[in-house]
Every structure is written in C-alpha cells, then in structure tokens.
Amino acid sequence: MKIAYMGSGTFATNILDKLLLEDNIQITKIITQPAKPFGRKKQLLATELKQFVDSNNLDIPTFECSNSKQILEILEPGEVEFLVVCDYGVLLKQAVLDLPSKYCLNVHGSLLPHLRGASPVQMTIYNQDQLAGICVQEMVLKLDAGPVFMSDSYEVDFTETTPGLIQKLSIMGANILIKTLNQILDENLKPVEQNASEATFCSKIPKEMGCVNFLEHDAKQIFAAFRAFISWPGIYFTHGDVVYKILDCKIVSDLDLKPGEFSFSKKQMFVGCLNGTLEILKIQPQGKKEMDVSSFVAGYKSRFV
RNA sequence: CGCGGAGUAGAGCAGUGGCAGCUCGUCAGGCUCAUAACCUGAAGGUCGGUGGUUCGAAUCCACCCUCCGCAA
C-alpha cells in the first residue's frame with residue numbers, strides 16, 4: 001500500500017521508524033515542518049523527523065510544508081491510499097483530508113475522547129492519570145474528533161516521565177497503526193465514533209505552566225509537573241527576584257516542613273509544599289549553569305535563610 | 001544590531017581603588033563503637049584575555065573570548 005507520511009517530533013520519528021520495517025507498506029512521500037530558528041543565536045534547526053530522514057539517508061522524497069496549500073501542491077488526489085499524520089502541529093483543511101483514496105489517519109497519544117489537543121502525553125502525567133493510551137483515528141476537520149479505528153492503553157506509575165511515556169506509546173502506536181492499515185485493506189475495518197460528551201481537551205503548554213508555587217501546590221502536583229514538563233518547559237520557582245529552574249527533584253516523606261519553608265543540610269535541600277515535602281536534587285539559577293544541589297548549597301544557602 | 005546575568009582556589013559564591021575572602025570538597029591530625037556529624041591544622045589563585053587610566057586595579061575605561069537565563 002502507498003502512504004504519505006506527515007510529522008515532526010519524536011513521536012512521529014519513532015512511528016516512521018517502525019513503518020519502514022513493514023514489507024507491504026510503501027512510504028512514497030514525507031512531509032514535515034520547515035526548519036525553525038532555535039536557540040540564542042537563532043540557528044535554523046530541522047525537525048527531528050527531517051534529521052532522522054537525513055541521517056539514515058532514506059530514499060524518500062521529503063518536503064517541508066507549513067500549511068495546507070503547500071501540501072496540495074505536492075500530493076495529487078488519490079495518489080496514495082493513506083495519509084498518516086503524527087505530531088504535525090497544524091490543522092489541515094478538508095481538501096488535504098480528501099487527498100488519500102482510503103483514509104487520512106492520525107495517531108494520537110491519549111485515549112480519545114480524553115485529552116484532545118496538542119499535549120496529551122504531557123497532560124496525562126501532569127493530571128496524574130493512571131491510564132495512558134494511544135489511538136488511531138480518522139482525521140476530521142474538528143481537532144482530534146474523528147472516529148477511532150483502534151486503541152491501546154498503558155498503566156503509568158508515578159515516576160513516569162514524558163520522554164519515557166512517548167517512547168512507549170509511540171511503539172504501541174506504530175503497532176496498532178500497522179494493524180489498522182492492514183485490516184482496513186483486508187477486512188474493510190470501520191471506525192467507531194467518539195462519545196463527544198466525554199471529551200476533554202489540552203492545549204499547547206505555555207511556559208507559565210512550569211511555574212511552581214510551594215505555598216499553593218502539593219509536592220505530588222509539583223513532582224507530576226516536573227515529570228510532565230521535563231523536556232519542555234521545565235519547572236521553575238522564583239525567590240528574591242531570581243528564577244530557579246528545578247532540574248531534578250523527588251518527594252520525601254520523613255521530613256515535615258511548613259509550606260514555602262526551606263531546609264538545608266551540607267549536601268541536601270528541601271522545601272515544604274502545601275502538602276508534603278520536596279527534595280531538590282539539581283537546580284539552575286537564572287544566568288548560571290545547572291548545578292547539583294551540593295554546589296548550590298555551598299554558594300546560595302545564605303539567600304534562603 | 002532582540003533583552004539581560006555571569007567568568008575570583010577542585011566546586012559554588014562574596015568582595016565597587018589599598019595585604020585574596022566565605023561555604024563545601026581535598027590532604028594531615030584529633031574526637032568517636034561509628035559516621036555523610038564535630039574539633040584542630042595545611043595545601044591549593046597570573047581574579048577569563050589584551051590594552052588603557054592610576055602611586056596603586058579583582059574593582060574604573062575600551063576591545064576580545066567563553067558560559068547561561070529570557071524572548072523567538
């Protein structure tokens with residue numbers, strides 16, 4: 001079968017990697033987002049999917065498109081049976097959804113209709129959900145509202161991080177995607193409509209969501225935010241007009257502190273939260289390099305007592 | 001010309017013109033059943049670089065190098 005593949009990030013890259021191993025699947029074209037300026041020097045950085053294509057010397061035409069119009073110039077109607085979209089980040093117009101002769105499919109990192117939107121995996125962890133999941137849905141104009149062909153779920157524990165969960169879900173997603181594709185062709189598999197009344201939503205994660213306040217949040221919530229936002233945006237707090245990123249932390253149970261109270265030993269740093277206590281293990285003050293907490297205690301302790 | 005912080009002992013930080021400091025680490029010794037605890041002592045510096053101002057510069061000026069936060 002002929003497939004055109006659209007995507008950008010880790011999720012899309014992992015799934016593509018698995019699709020390439022299937023003998024009966026022929027990926028004829030890859031579409032990804034244009035390289036965007038990144039970092040302090042605004043260097044252009046290609047998407048992870050594009051880097052994957054280049055570093056593996058894949059012999060598949062790869063295009064960079066930022067909108068539906070550009071996609072329509074690349075793909076002819078009926079040219080492929082499926083258009084598979086993972087982690088692309090742009091709403092597609094109906095004309096694009098109509099391009100494949102069979103279906104336009106999307107692999108989404110939650111159990112739809114829960115967590116429709118841009119950040120399902122992060123929010124699964126942030127919300128401390130017990131069950132993570134993955135769906136293959138038919139794409140419709142309304143975001144992540146299409147009928148579902150197949151899904152799979154995974155029980156998360158309270159130490160799971162976003163990169164770890166993406167890794168697991170993308171492998172599961174690739175498996176059900178391949179099953180879905182084959183069953184549509186062999187058995188004319190039909191999708192099941194979502195129950196729209198149960199839908200929940202998640203948006204792109206703004207930087208401010210990583211701001212933690214020890215007076216207002218539980219240690220569990222902060223630890224969940226840390227695990228959810230570990231690659232972006234990260235979590236941070238302010239103290240005395242200085243921003244501190246928390247780069248590693250854990251919950252401790254044998255120490256009771258008032259909310260917002262800091263406690264230090266020679267090599268350890270603890271902070272009381274609304275409920276519970278957090279130990280900070282790695283930290284980065286604004287304008288400084290990241291440092292382990294024993295270095296931090298040596299130089300910064302005096303600002304916290 | 002996007003905005004901003006920073007470079008001082010192995011690490012992290014003070015130090016705004018007059019003898020180079022603090023905490024931690026390291027080493028030696030002591031205390032202790034014992035210790036990441038405590039006590040005593042020691043080693044360890046071209047204050048990022050170059051030039052300038054000055055009787056005198058870590059400190060003021062100019063340029064350069066490097067690291068980082070924000071923004072995108």
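**Close-up 1. F214, F237, Y244, F262, F264, F296, Y300 and F304 gather into one aromatic cluster.** This view, like the others here, comes from a predicted model. By the ring-pairing rule, the count comes to 14 aromatic pairs. One of them is the tilted pair of F237 and F262, with 6.1 Å from centre to centre and 35° between the planes. F237 sits in strand β12 (residues 235–239) and F262 in strand β14 (residues 262–264), so their pairing ties together parts that are 25 residues apart in sequence.

**Close-up 2. F262 also pairs with F304, edge-to-face.** Here the ring centres are 4.8 Å apart and the planes stand at 70°. Because F262 belongs to strand β14 and F304 to the segment after α8 (293–300), this pair links parts that are 42 residues apart in sequence. Are F262 and F304 buried or exposed? Both are buried; for F262 the relative accessibility is 14%. F237, from the previous view, is buried as well, at 2% relative accessible area.

**Close-up 3. K29 is a buried lysine in strand β2 (residues 26–32).** Its relative accessible area is 15%, and because buried means under 20%, K29 qualifies. Which partners does its side chain find? A polar contact of 2.8 Å joins it to the side chain of E79, and the backbone oxygen of I74 lies 2.9 Å from one of its polar atoms. Residues touching K29 also include I3, Y5, I60, P61 and F63.

**Close-up 4. Helix α1 (residues 10–19) meets helix α2 (residues 48–55).** Their axes come within 8 Å and cross at roughly 35°. T10, A12, T13, L16 and D17 of α1 face E48, L49 and F52 of α2 in this contact, a set made up of four nonpolar, two polar and two charged residues.

Technical notes:
Residues are numbered from 1 along each chain as its sequence is written. Chains are lettered from A and ligands numbered from 1 in the order in which they are written. This is a predicted model: local features need pLDDT of at least 70, side-chain atom pairs count only at pLDDT 80 or more; totals for chains, interfaces and linings use all residues. Side-chain values use heavy atoms; hydrogens and water are left out. Axes are lines fitted to C-alpha atoms, for helices over the stretch in contact, and angles run from 0 to 180 degrees between N-to-C directions. Helices (H or I, at least four residues) and strands (E, at least two) are DSSP runs, numbered from the N terminus. Contact means heavy atoms within 4.5 Å. Ala, Val, Leu, Ile, Met, Phe, Trp, Tyr, Cys and Pro count as nonpolar, Asp, Glu, Lys and Arg as charged, and the others, Gly among them, as polar. Buried means under 20% relative accessible area, exposed over 50%, partly exposed in between (1.4 Å probe, protein chains only). A polar contact is a pair of N or O atoms within 3.5 Å; within protein, one must be able to donate a hydrogen and the other to accept it, and residues adjacent in sequence count only if both atoms are side-chain atoms. Rings of Phe, Tyr and Trp (its six-membered ring) pair if their centres lie within 6.5 Å; planes under 30 degrees apart count as stacked, over 60 as edge-to-face and the rest as tilted. Lists of a residue's contacts leave out its neighbours within four places in sequence.
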